[in-house]
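Dear colleague,

Please find the structure below, handed over for your records.

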Amino acid sequence: MAVSIKSHRELDLMREAGKILNFTLRTLEKEIHPGMSTWDIDRIGEETIRSFGCVPSFLNYNGYPASICVSVNDEVVHGIPDKRHILQEGDIVSLDAGVIYKGYHADAARTVAVGEISADARKLMDVTKQCFFEGIKYARAGNHLNDICKAVANYAESFGYGVVRDLVGHGIGTHLHEDPEVPNFNMNRRGMRLRPGMTLAIEPMINAGTWEVEWLDDDWTVVTADGALSAHYENTVLITNGEPEIFTLNDSL
């Protein structure tokens, strides 16, 4: 497994990509409302990314036809934006996006409420976000990869939620997906030792019911096997000797 350790120059470029992606996702969070289509979300997201002279990481990646993955309710990830898919009051929508800045990627996801949502939906969103922060408590040099994975899983499962096993986080840099894979479940082995300069996309995908998922006929959209709600929260993270740095929560633009 070839895990790249980034130089200071590379990290500066990834920081900038992260700032732009964070701004894009914050813009989309403000725009989302009942009555808008998932296609509208994609259009606004792509326009925002390109306004910074950047390229959307996802557009045409392995054939994916859009810039923003827009996944609603029981859709876990990789939902394809569609003019006919109109958001309704009470929906939750997961936005997953990537930015390429001068050849370097950032990747992040947020789950957003559409108007007023149920208490159960809000709890799932909040727990999924906290799963990320439980995981990155261990995202520092000297720890092992599975320390992150276990912390995410233990927190989610303490609420009775299902932790998706068919999809995982990943390294990131000049490629959107690099080594190592970063599961959200206990691998039952320590995994690699974390080193300063590693950059990881850590992304809990948590279901209100079973962990099991299915793919729709479009070969992209992943849904929960039991139709329960799913939430997604992701950031691009730098491993250091101390606290990890989260590139995609930087508001300094």
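In what follows, buried means under 20% relative accessible area, exposed over 50%, and partly exposed in between (1.4 Å probe, protein chains only). This is a predicted model, in which local features need pLDDT of at least 70 and side-chain atom pairs count only at pLDDT 80 or more, while totals for chains, interfaces and linings use all residues. Residues are numbered from 1 along each chain as its sequence is written, and side-chain values use heavy atoms, with hydrogens and water left out.

The structure holds 11 salt bridges, each being a side-chain nitrogen of Lys or Arg within 4 Å of a carboxyl oxygen of Asp or Glu. One of them joins Glu243 to Arg140 at 2.6 Å, N to O. This pair links distant parts of the chain, 103 residues apart: Glu243 is in the loop between β14 (235–238) and β15 (245–246), and Arg140 in the loop between α3 (119–136) and α4 (145–157). Helices (H or I, at least four residues) and strands (E, at least two) are DSSP runs, numbered from the N terminus. Arg140 is partly exposed, at 27% relative accessibility, whereas Glu243 is exposed, at 60%. Salt bridges with shared partners also join Asp12, Arg15 and Glu245 into one network.

A further salt bridge pairs Glu134 with Lys137 (3.1 Å, N to O). Glu134 counts as buried because its relative accessibility is 17%; Lys137 counts as exposed, at 51%. Asp82 and Arg84 likewise meet through their side chains, at 2.9 Å, N to O.

Yours sincerely
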